[in-house]
Amino acid sequence: MNRIETFQIEEIKQNLIQSCIEFKAINFLPYLLSPSVTVDFPNKIRFYGFLKTILNCACQDSQGMLELRIEREPGDKENVLSYNFYDETHKYPRINLKVKEGNNRLHLDILPF
């Protein structure tokens, strides 16, 4: 019987960031399946599939290394942070994740553009 791992929130966030910088969604999969993570998708497998697509596209379109900038949306009252990954030349982020932390849980969403 498979056992679902329970990870600390900070460990999950670090692995999410590293997976995005390296364009390797598969490295984040064990953390995504943790009960501490929820998603704004019908299920985690669909979230993973979309994350993989976004990372593949970003890998092809990015120039140079990605840099993470954690930004708060103006007027946001829900404490949702934008994890925006920028490359060395483009004005807009190559990857945009919405991350909400609370009650020892991490809630994730991906914006397509």
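**Close-up views of a predicted model**

**View 1. The loop between E4 and E5.** Asn104 sits in the loop between E4 and E5. The model shown is predicted. Phi of Asn104 is near 55°, a positive value in a residue other than glycine. Asn104 is exposed, because its relative accessible area is 57% and the cut-off for exposed is over 50%. Asn103 belongs to the loop between E4 and E5 as well. Its phi is also positive, about 55°, although Asn103 is not a glycine. Asn103 is exposed, with a relative accessible area of 77%.

**View 2. The five-stranded sheet.** Five strands form an open sheet in the order E1-E5-E4-E3-E2. The pairing is mixed. Strand E1 (37-39) and strand E2 (67-72) are the edge strands, each pairing on one side only. From one strand to the next, the twist averages 30°. Strands of a sheet pair through backbone hydrogen bonds, either parallel or antiparallel. E2 and strand E3 (residues 80-86) run antiparallel, joined by six bridges. Glu71 stands opposite Ser82 in E3.

**View 3. Two helices on the sheet.** Helix H1 (residues 9-22) packs on the sheet. H1 touches E1, E2, E3, strand E4 (95-102) and strand E5 (105-111). The direction of H1 makes about 180° with that of E4. Helix H3 (residues 44-61) packs on the sheet too, touching E1, E4 and E5. The direction of H3 makes about 50° with that of E5.

View 4. Ser82 lies in strand E3. Is Ser82 buried or exposed? Ser82 is buried, because its relative accessible area is 0% and buried means under 20%. Its side chain makes a polar contact with the side chain of Lys98, at 2.5 Å. Neighbours within four places in sequence aside, Ser82 is in contact with Arg69, Ile70, Glu71, Glu73, Asn96, Leu97 and Lys98.

**View 5. Helix H1 and its buried face.** H1 has 14 residues. At 1.5 Å a residue they should span 20 Å, and the end C-alpha atoms are 20 Å apart, which agrees. Which residues of H1 are buried? They are Ile9, Ile12, Lys13, Leu16, Ile17, Ser19 and Cys20. Seen down the axis of H1, these buried residues fall within an arc of 160°, so they line one face of the helix. An α-helix has 3.6 residues a turn, so residues three or four places apart point the same way. Just after H1, Phe23 takes a positive phi of about 60°.

View 6. Asn43 caps the N-terminal end of H3. A side-chain oxygen of Asn43 lies 3.1 Å from the backbone nitrogen of Ile45. The 18 residues of H3 should span 26 Å at 1.5 Å a residue. The end C-alpha atoms of H3 are 25 Å apart, which agrees. Buried in H3 are Lys44, Phe47, Tyr48, Leu51, Ile54, Leu55 and Ala58. Why are they on the same side of H3? They cover an arc of only 130° around the axis, which puts them there. The buried residues of H3 pack against H1, helix H2 (29-32), E1, E4 and E5. On the other side of H3, Ile45, Arg46 and Gln60 are exposed.

How values were computed: Residues are numbered from 1 along each chain as its sequence is written. This is a predicted model: local features need pLDDT of at least 70, side-chain atom pairs count only at pLDDT 80 or more; totals for chains, interfaces and linings use all residues. Side-chain values use heavy atoms; hydrogens and water are left out. Two strands pair if DSSP finds at least two bridges between them. Helices (H or I, at least four residues) and strands (E, at least two) are DSSP runs, numbered from the N terminus. Axes are lines fitted to C-alpha atoms, for helices over the stretch in contact, and angles run from 0 to 180 degrees between N-to-C directions. Contact means heavy atoms within 4.5 Å. Buried means under 20% relative accessible area, exposed over 50%, partly exposed in between (1.4 Å probe, protein chains only). A polar contact is a pair of N or O atoms within 3.5 Å; within protein, one must be able to donate a hydrogen and the other to accept it, and residues adjacent in sequence count only if both atoms are side-chain atoms. The expected span of a helix is 1.5 Å times one less than its number of residues. The arc is that of the directions from the helix axis to the C-beta atoms.
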